[in-house]
Amino acid sequence: METALPNIQLIAILPEMILALVACALFVAEPFVPLEKKESLGYFSIGGLLLSGFSLVFLWGKEISTFNGMIAIDFYAIFFKMVFLSISILIIMMSFRYIEIQHINLGEYYGLILFATIGMMFLPSATDLLSFYLSLELMSMSLYVLTAFMRKDPRSIEAGIKYFLTGVFASGVILYGIAFLYGLTGTTNLTGIHEQLAGQDLSSSPTLIIAVILMVTGFGFKIAAVPFHMWAPDVYEGAPTPITAFLSAGSKAAAFSVMLRVFITGLEGSHDTWWQILWLVSVLTMTLGNVVAMVQTNIKRLLAYSSIAHAGYLMIGLIAGNNVGLTAILVYLVGYVFMTLGAFTLVILICRKGVRGDQISDLRGLARTHPLVAATFILFALSLIGIPPTAGFVGKLYLFNAAIQGGFYWLAIIAILNSAISLYYYFNIVKVMYMDEPLDAMPLSFSPALKVALSIMAFVTLFLGLYPEPIIRGAISSVKIFL
Amino acid sequence: MIPVSYYVVVSTMMFVIGLLGILIRRNFLIILFAIELMLNAANINLVAFSHYSNAIDGQIVSLFVIAIAAAEAAIGLAIIIVLFRSQRTTNVDELNLLKW
């Protein structure tokens with residue numbers, strides 16, 4: 001029997017290989033670095049992320065499909081890889097002061113963030129159910145450990161356990177769906193699945209419906225869509241705040257990046273089978289997220305429900321399934337990443353020795369003591385609601401436009417009403433910051449890196465609102481692969 | 001030859017047992033076992049489908065799944081040790097610090 005070696009182009013995974021090397025170096029170097037110098041490991045990992053981003057130049061404009069069709073490099077993948085790299089850099093910059101206060105300034109922290117980033121970067125490249133499953137697990141497993149990283153804090157452990165159980169459950173369900181999809185089509189390759197499904201009329205086959213339901217359930221857990229959202233508020237509250245931001249921005253964007261691949265590339269022919277399920281999930285998700293967010297007193301929980309609601313908005317693009325919808329998802333995700341990271345930065349700033357700083361009341365009078373920080377938060381709040389001139393507005397405009405073009409009028413109306421609801425709870429925070437008296441001088445835990453990160457986020461949020469041209473053009477050329 | 005539907009029935013039963021185990025049992029270790037059952041149910045399906053369609057892909061996927069399951073168990077056990085050290089319990093119902 002002859003076995004041909006598959007044609008492997010290692011250059012396709014160069015950015016991930018660099019990150020893996022840096023992450024391994026971090027784990028090895030960690031015991032040799034004294035406690036007061038752990039910050040240098042953080043700067044080292046930022047260097048690795050930048051190097052990895054630089055190596056994307058070698059992949060620019062290329063169309064590679066390698067590892068037997070498991071990994072694809074195209075503009076779509078590169079677009080998302082850049083998003084994930086920027087998320088990780090910002091997360092590490094946000095972390096320095098926080099992990100010092102919480103006594104978790106260890107090299108493993110940065111190493112695990114890098115491993116999670118590798119998983120995220122493989123996800124938009126995954127063109128096979130196997131590579132998709134493996135990278136999803138790489139991302140999730142690093143995040144389980146990071147969530148429970150404050151091992152002296154019972155809340156963090158509890159969050160870790162809840163995240164682990166729901167996450168593992170979700171991946172089990174996704175895997176069962178993969179098994180059925182494989183049984184139905186005889187291949188794990190997404191393009192192959194598409195061809196098989198197109199070749200035979202399977203749109204009403206019960207096996208396909210079971211497979212789709214299982215996959216939607218699994219993805220629903222990963223993006224925290226109703227009714228699979230129960231874990232999100234608890235995990236977001238208990239996890240270290242930078243990791244909460246990482247979950248909210250990175251893992252959500254990663255799940256969406258691969259959802260587009262699976263549902264549009266693999267299951268596009270069965271759009272009629274899955275859009276109704278997603279329609280219902282989307283409406284429930286945004287409504288419940290926004291309504292429950294109104295009664296929260298804890299900022300991290302509030303942001304958790306807000307991120308649930310945002311997952312609902314994002315699904316509109318997938319339901320519309322047209323070119324505008326896919327572009328809108330990409331545009332919205334980029335804006336969402338920066339604005340949600342910005343909102344979490346505020347929580348990190350309030351946290352100091354002896355103050356958890358995750359209650360809304362902890363923000364009392366912030367505008368008196370730190371007017372600039374309060375003003376920055378207003379910018380992020382405006383963007384999260386979707387008011388011009390911010391990135392959130394551009395994204396929402398595109399999403400609602402996609403729904404209308406696809407003929408989903410009710411979906412657009414419900415989404416607009418939901419945006420109006422979200423005005424209430426974001427401006428409740430603003431009210432507390434501006435109207436109430438400050439309790440004390442409120443020293444904020446600033447660090448130079450965090451200042452830079454916060455300025456970047458604020459700048460991008462505003463810039464994309466005023467001049468969204470480049471990101472829209474990038475998104476349009478990214479989704480060309482689906483046509 | 002045993003028809004493929006028999007394998008699907010067995011794997012579905014295993015999957016459902018795993019699912020119920022996660023929902024009903026309250027001991028973290030038992031839940032971990034239940035999760036392994038779910039993953040292995042998928043493995044049975046993959047191998048059976050692979051065998052009947054004369055393609056080897058499914059069996060390769062199941063090998064990767066076994067490796068993933070081992071990694072998952074390792075992380076799960078690590079988290080449970082941390083939990084036991086701080087709270088002296090492995091019962092997930094006693095975790096009630098975070099709620100609204």
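Visitor: Which residues is A:Ile113 in contact with, leaving aside its neighbours within four places in sequence?

Guide: Two residues are in contact if their C-beta atoms, placed from the backbone, lie within 7 Å. For A:Ile113 that gives A:Ser88, A:Ile91, A:Ile92, A:Leu146 and A:Phe246, once neighbours within four places in sequence are set aside. Keep in mind that this is a predicted model, where local features need pLDDT of at least 70 and side-chain atom pairs count only at pLDDT 80 or more, while totals for chains, interfaces and linings use all residues. Residues are numbered from 1 along each chain as its sequence is written, and chains are lettered from A and ligands numbered from 1 in the order in which they are written.

Visitor: Which residues have the most contacts inside the largest nonpolar core?

Guide: In soluble globular proteins, nonpolar side chains tend to be buried together. A nonpolar core is a set of buried Ala, Val, Leu, Ile, Met, Phe, Trp, Tyr and Cys residues joined through C-beta atoms within 7 Å. Buried means 20 or more other C-beta atoms within 10 Å of a residue's own; 12 or fewer is exposed, and in between is partly exposed. Here the largest core has 225 residues, and A:Ile113, A:Tyr176, A:Ile316, A:Ile329, A:Leu333 and A:Val337 have the most contacts inside it. Helix α13 (residues 323-350) of chain A gives this core the most, 21 residues. Helices are DSSP runs of H or I with at least four residues, numbered from the N terminus.

Visitor: Is A:Ala391 buried or exposed?

Guide: Buried, because A:Ala391 has 30 C-beta neighbours inside 10 Å. This residue is found in helix α16 of chain A. Beyond four places in sequence, A:Ala391 touches several residues, among them A:Phe338, A:Met339 and A:Thr461.

Visitor: At what angle do α5 of chain A and α3 of chain B cross?

Guide: Two packed helices are described by the angle between their axes and the distance between the axes. Axes are lines fitted to C-alpha atoms, for helices over the stretch in contact, with angles from 0 to 180 degrees between N-to-C directions. Helix α5 (residues 129-147) of chain A and helix α3 (residues 57-87) of chain B cross at roughly 5 degrees, their axes coming within 11 Å. That makes α5(A) roughly parallel to α3(B), a label for angles under 35 degrees. Residues making the contact include A:Leu134 and A:Met141 of α5(A), and B:Phe64 and B:Ile68 of α3(B).

Definitions and conventions:
Helices (H or I, at least four residues) and strands (E, at least two) are DSSP runs, numbered from the N terminus. Angles under 35 degrees count as roughly parallel, over 145 as roughly antiparallel, 65 to 115 as roughly perpendicular and the rest as oblique.
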